[in-house]
Amino acid sequence: MVQGPSPELLESIRHPTSLDAHIASLKQLKNGLIGHDQRKELAIKRGVADILVPILTAPTKAAGKKRSTNGSLSGGPLQTAPPAWTAEYEVRLQATVILGILANGGSPFVQPLLAAGAGNALAQIVAEDEPPRLVTATLKALQHLARSAALINRLPFEPTALEEDLLPSLLKSALLNTACKEQQKLAADIIVHLADQDEVKDTLAKHLLETLARLLAASAIANRHVDYHRPLSSHLSPAPPNTTIPYILAAIIGITTGSIFRMQSFIHSSPIRDLFQTAWAESNPANSSLPQLHVPVYKTVSFSPAFPVLGSLPQEHERDSSYDGAQAGRDASYANAVIGWLIVLARSLSGRNRIAALLLLAQSRPESTHRHRERERQLATLAIPLAVQLIQGTTPEERTMAASLPTSDTESREVQGDACDALAILIEDSKILQNAAVEAGAIKRICPILKQSFDTITPARPMWVAHPPGPDEADLPESCKLGIRGLPAEIYHTMRMRASALQALAALASREDIHKKVIVEAGVVSCIIDSLKPFTPEVTAAIEGRSKPLQQFSTKDGNGPTVIQAACLAAKCISRSVSLLRTSLIDAGIAKPIFELLQHTKPEVQLAATDVCCNLLLDFSPMRDDLLAAGVIKTLTEHARQSEMGLRLASLWALKHLVQNSPKDVKIQCLDELGVGWLVGAIQGEQGSAVADPASFSMGGVSVAGGGFSTPNAAGEQVDLLNPNTNMDIDEQADEDEALDEGDEEEEDEDEDGEVMYDEAAGIHYQASQLRSTLHRSPDDAFVPSVPEFNSARYLASVREKEYNPVLQAKQDDIAVQEQALDFVRNLLHGEDCAFMFEHLLRAIGQDKLFSLLNDKLAPITAPSPLLFRGAPLPQPTKPLYQSTELILSTVHVLTHIANASPTHKQLLMAQKHLLAHWLPHFNHPDKRVRVISVWAVNSLTWVEDEGDRTTAQLRVKELRSCGIENAIRGLANDPELDVRERVKTAVRQMDGL
Amino acid sequence: MSSSTVSPQTTYSTTMRASGNFDKSVEEMKPSKSDINWLIMDYLVSEGYPGAAEKFAQETNLCPAATVETIRERVKIRTAIHAGKVEEAIELINDADAEILDNDSLLHFQLLQLQLIEIIRGILANNPSSQNIPAQDFLPAIQFATEQLSPRAPTDVNYQRALENTMALMIFQPEKMPQEFRELLDVRLREKVATDVNKAILSARGERAEAKIKQLIRARAWAEVQAREAKADLPAHIPIGLDVADEMNGDAVMT
């Protein structure tokens with residue numbers, strides 16, 4: 001029988017007779033609660049939270065609560081002597097400790113504690129006013145609260161606590177408190193558990209990222225990971241103890257995850273910049289600490305474009321095209337050195353600490369190592385094997401040998417899961433690194449982990465109670481009601497392992513068909529299918545506390561949303577292999593669970609399932625008929641019309657695949673379900689005024705390069721001839737952004753240093769540097785009036801602009817939808833029913849409307865309103881501006897299909913004088929794909945269908961000649977692209993033959 | 001005793017070397033004085049000798065790794081457990097660090113079990129006749145077990161067995177008690193729990209849970225076994241010297 005705190009005790013805490021009695025009662029309460037979860041529950045139900053929180057907030061006599069307003073925090077911890085320890089402090093300390101142990105009880109305690117305002121009260125204890133003991137206890141309590149709250153995805157206090165700088169300053173001074181290593185650790189750990197939503201991460205990044213970077217840089221110098229020759233500058237803090245480093249790494253990872261801007265802010269933060277600017281000038285710092293590699297360059301197996309249709313690799317596609325812009329190589333000048341340093345760091349650590357370093361490495365990699373072949377090889381030989389080794393896990397014997405290794409099985413499994421995560425991010429979109437991972441034995445280590453996660457688990461048995469508690473009284477205040485329990489720890493861990501293993505497998509399978517095959521042969525397809533099953537209603541009820549706790553948990557009980565998403569990702573990657581799609585995947589019966597997931601309650605899961613559908617709906621996929629029979633069209637069209645952008649795009653993408661080479665009735669059904677009006681709207685663009693939209697002007701370069709984040713660069717290197725750059729203006733503007741916290745002096749500094757870095761990086765060491773320098777001399781530069789050297793602040797500002805500007809985001813999304821909508825039309829027209837379908841479209845949309853839609857895509861964008869530039873002088877564009885390459889390409893594809901329809905339709909197209917005029921410049925489009933397809937369209941136009949068509953064909957040629965297209969075609973006879981030249985030959989022959 | 005005099009400087013770590021003259025190699029090894037001092041200090045701190053540590057720190061100009069206060073804290077806890085005042089010890093541990101017992105349910109259970117044993121011990125001691133102790137005398141023990149120990153018992157079979165065995169102390173007459181139950185009444189159990197608590201507090205503070213010298217002695221024994229297996233040229237018997245002066249011998253250079 002469990003006794004909760006007696007009413008007398010609570011009364012004596014609420015109304016103490018004396019300070020000593022107060023302390024004694026609090027201690028009695030504390031000792032009664034520690035280690036007794038059931039008593040904690042009873043205590044909450046009896047309103048302990050509401051009794052304790054006021055004790056924290058009550059002002060003490062000794063030191064009134066004054067908030068620091070003098071900004072001394074930025075300079076480090078205050079050195080004033082802490083106030084003497086008084087009985088009042090002792091009371092607050094005991095109350096804080098009790099709140100901490102209540103919070104340590106897990107997720108059910110979060111709800112009542114938050115309702116009582118415990119989180120805010122704790123966050124309000126501002127560091128410098130209080131004695132260190134109380135601050136440490138507060139941080140501990142916050143840590144417990146944050147940990148428990150993170151389990152149910154909540155913030156342990158009102159977001160205002162973050163915005164009011166209370167918590168950031170508390171954390172910052174704790175981080176910089178060298179006197180107490182425990183505070184540093186606690187603060188870093190709190191940050192890890194706070195960082196969940198993007199807004200929180202942004203706030204944390206703004207306040208704390210630089211501090212964290214400073215600590216890490218100090219440690220790098222202390223451990224001689226870099227050669228640092230300058231006297232320690234004032235802004236470097238004393239190095240934290242090495243045991244704290246993993247926490248700091250984890251905090252940085254927590255903050256930077258999910259945003260390229262935040263990651264780049266870390267790499268370009270002043271401590272890191274300082275570290276490498278000096279070191280870099282002397283030698284390649286991290287390289288000297290890394291072993292020299294004598295490995296032949298990997299021969300990568302080329303990725304066969306398994307899918308003839310537009311391709312189903314959205315991310316990869318975007319990335320690749322955006323990297324054509326070469327600026328990725330440029331900004332890497334020292335971002336690349338950071339990678340080297342992180343490899344050294346990872347090699348110097350072990351166990352879970354090593355994971356932390358690898359995760360940070362993984363996150364900073366994609367932006368930095370692309371095109372750095374040597375660095376990539378270094379990663380392949382030095383970092384990837386470390387991750388794979390950690391996935392293997394440790395045996396209990398090994399664990400007793402080394403202190404840094406995990407001590408328990410649970411911990412060991414956590415390390416394995418984390419290692420899978422790190423590997424997945426590391427090898428993402430790099431064939432070389434994927435190969436390295438497979439060679440290191442990743443597949444044969446991950447598959448058993450996945451299989452193991454399906455072993456039946458028995459959750460820990462509940463504690464004994466003499467009298468099961470009755471239902472809660474409904475009229476209790478929120479602070480006395482326990483929250484939901486969430487998943488039992490064992491199941492939570494299993495789910496995590498499963499999701500991590502699936503993610504790692506997906507990354508391994510994303511490119512090479514051979515790897516996909518090995519994964520399938522390892523027998524994990526059935527596991528993937530099982531992972532697509534959501535929790536059964538019984539399990540959900542148990543999790544939400546509506547029914548009895550689970551006695552057992554097995555395969556058939558389903559999966560949480562993260563697992564399902566990871567399984568969808570794995571299924572998507574594996575289904576890219578046509579042979580596997582038609583063998584293993586159809587045998588496993590993947591269509592049914594995927595279709596069911598389209599109806600899932602969570603939009604993230606719907607999106608993941610739709611992504612898989614894209615591959616399952618291709619015309620050679622045997623699952624297409626099953627999905628059609630199940631009614632996939634209705635679901636997808638519904639989702640396409642939804643307002644959520646990701647899902648809309650993916651659904652449209654899937655529909656696009658669905659109508660390719662499908663029977664007439666399917667095509668028409670898709671069109672009808674989607675709604676002609678909606679389709680027209682989608683092609684037109686969301687704002688309907690895409691032409692006059694300023695964003696399309698300013699960031700035309702972005703969309704041209706595929707909407708990737710990393711397109712423009714600080715040096716203003718311009719990639720696309722069609723889009724004279726205006727990015728620089730934006731950069732200038734954003735420099736003033738306060739979030740960057742850059743003073744004028746620093747600004748100048750960077751300019752100089754940027755130059756140094758750039759030159760250094762352009763040395764012979766990296767192939768990519770040479771690439772970069774040739775690009776630098778490319779004719780594109782003629783359009784760039786800006787200074788060539790690298791500038792971190794500007795670079796960061798442009799990254800930030802792309803990530804945080806909602807107008808830009810909306811614009812990019814909009815363009816992506818337009819592109820998919822045009823491609824949908826293109827696939828609709830494709831095939832034998834071309835003429836019929838076009839006729840249908842003409843009837844549905846209307847001839848004028850249809851051609852004006854296409855015309856708008858090809859026409860130059862009219863001069864923008866200066867809205868985005870906020871007063872900055874607008875450079876007079878030397879050339880007209882056009883829509884993004886992808887849009888133009890899709891449009892010309894549609895034209896080609898119209899030209900392929902019946903002779904009447906060809907005539908119809910020829911009658912569109914405006915359209916032809918606007919099409920003309922694109923025959924010289926810098927993208928070869930546009931040129932090729934344009935010439936193809938002319939080939940179709942000049943084709944003589946039958947004898948009756950001959951005269952009309954002659955008319956068409958005449959028309960082409962008069963609008964200048966014939967000349968344009970002949971001008972392409974010496975095109976650098978073979979494909980273009982061959983098509984031109986055909987076109988010229990056909991024109992001359994008439 | 002071999003020819004070399006046993007002194008703090010003596011080291012046997014050269015046993016791994018297959019050199020001809022073992023004693024000579026021993027002589028050649030000169031561990032630095034500060035290493036030895038550090039080792040002694042480490043021992044004093046982790047084993048809980050606050051006064052000695054303070055004195056030693058003054059003499060050697062070493063700053064102790066932990067403040068004297070924290071050592072005293074641990075000593076107080078240990079003394080309380082040794083004296084059978086488990087409740088007091090639990091309160092002291094909670095004052096020192098509330099997380100230790102909240103997170104380490106095994107240690108918490110062990111302490112509560114010890115507390116139950118002490119209660120039963122007290123009851124047994126109050127009835128020296130030990131023939132027929134009235135049942136109601138055991139009531140405090142039963143009440144304590146129900147409140148403190150029983151909730152956790154079903155969660156793990158080990159807890160359950162431990163509780164059952166402890167409760168059995170109330171059934172048997174002390175002299176007829178089987179060995180496995182009698183062990184529970186042995187005061188050495190207090191020492192074991194006290195050591196575990198000491199370790200837990202040390203590791204919660206991020207310090208080594210055990211004095212370095214203990215590791216060194218194990219390493220020294222392991223090295224000798226390895227060397228003998230490898231048929232290295234060693235004297236027939238190498239004394240560790242623990243019997244001469246308990247704390248003053250160690251293989252300092254092997255750090």
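The structure is a predicted model, in which local features need pLDDT of at least 70, side-chain atom pairs count only at pLDDT 80 or more, and totals for chains, interfaces and linings use all residues. Residues are numbered from 1 along each chain as its sequence is written, chains are lettered from A and ligands numbered from 1 in the order in which they are written, and side-chain values use heavy atoms, with hydrogens and water left out.

## Rings and charges

Over all chains, the structure holds six aromatic pairs, where a pair means that rings of Phe, Tyr or Trp (taking the six-membered ring of Trp) have centres within 6.5 Å, with planes under 30 degrees apart counted as stacked, over 60 as edge-to-face and the rest as tilted. One of them joins Trp85(A) and Tyr89(A), which are stacked at 5.7 Å centre to centre, with 25 degrees between the planes. Another joins Phe261(A) and Tyr804(A), whose ring centres are 5.5 Å apart and whose planes stand at 80 degrees, so this pair is edge-to-face. Because Phe261(A) lies in helix H14 (residues 260-267) of chain A and Tyr804(A) in helix H44 (residues 792-804) of chain A, the pair ties together parts that are 543 residues apart in sequence; helices here are DSSP runs (H or I) of at least four residues and strands are runs (E) of at least two, both numbered from the N terminus.

| Residue | Relative accessible area | Class |
|---|---|---|
| Trp85(A) | 31% | partly exposed |
| Tyr89(A) | 0% | buried |
| Phe261(A) | 8% | buried |
| Tyr804(A) | 27% | partly exposed |

Trp85(A) also has a charge over its ring, since the charged end of Arg133(A) sits 4.4 Å from the ring centre; the term requires NZ of Lys or CZ of Arg within 6 Å of the ring centre and within 35 degrees of the ring normal. The charged end of Lys656(A) likewise sits over the ring of Trp653(A), 4.3 Å from its centre.

## Helices and burial

Helix H36 (residues 645-659) of chain A has 15 residues and should span 21 Å, which agrees with the 21 Å between its end C-alpha atoms; the expected span is 1.5 Å times one less than the number of residues. Of the 15 residues of H36(A), 14 are buried, so this helix is largely enclosed by the rest of the structure. After H36(A) comes Asn661(A), with a positive phi near 55 degrees.

Lys811(A) belongs to helix H45 (residues 806-829) of chain A and is buried, because its relative accessibility is 4%. Chain B has twelve helices and zero strands, and 44% of its 255 residues count as buried.

## The largest cavity

There are ten cavities of 30 Å³ or more, a cavity being a set of points on a 1 Å grid over the protein atoms alone where a 1.4 Å probe fits but cannot get out, with lining residues having an atom within 4 Å of a point. The largest has a volume of about 100 Å³, the volume being the space filled by probe spheres set on the points, which are joined across faces, edges and corners.

Note on methods: Buried means under 20% relative accessible area, exposed over 50%, partly exposed in between (1.4 Å probe, protein chains only). On a 1 Å grid over the protein atoms alone, a cavity is a set of points where a 1.4 Å probe fits but cannot get out, and a pocket is an open set with protein on both sides within 12 Å along at least five of seven lines; lining residues have an atom within 4 Å of a point.
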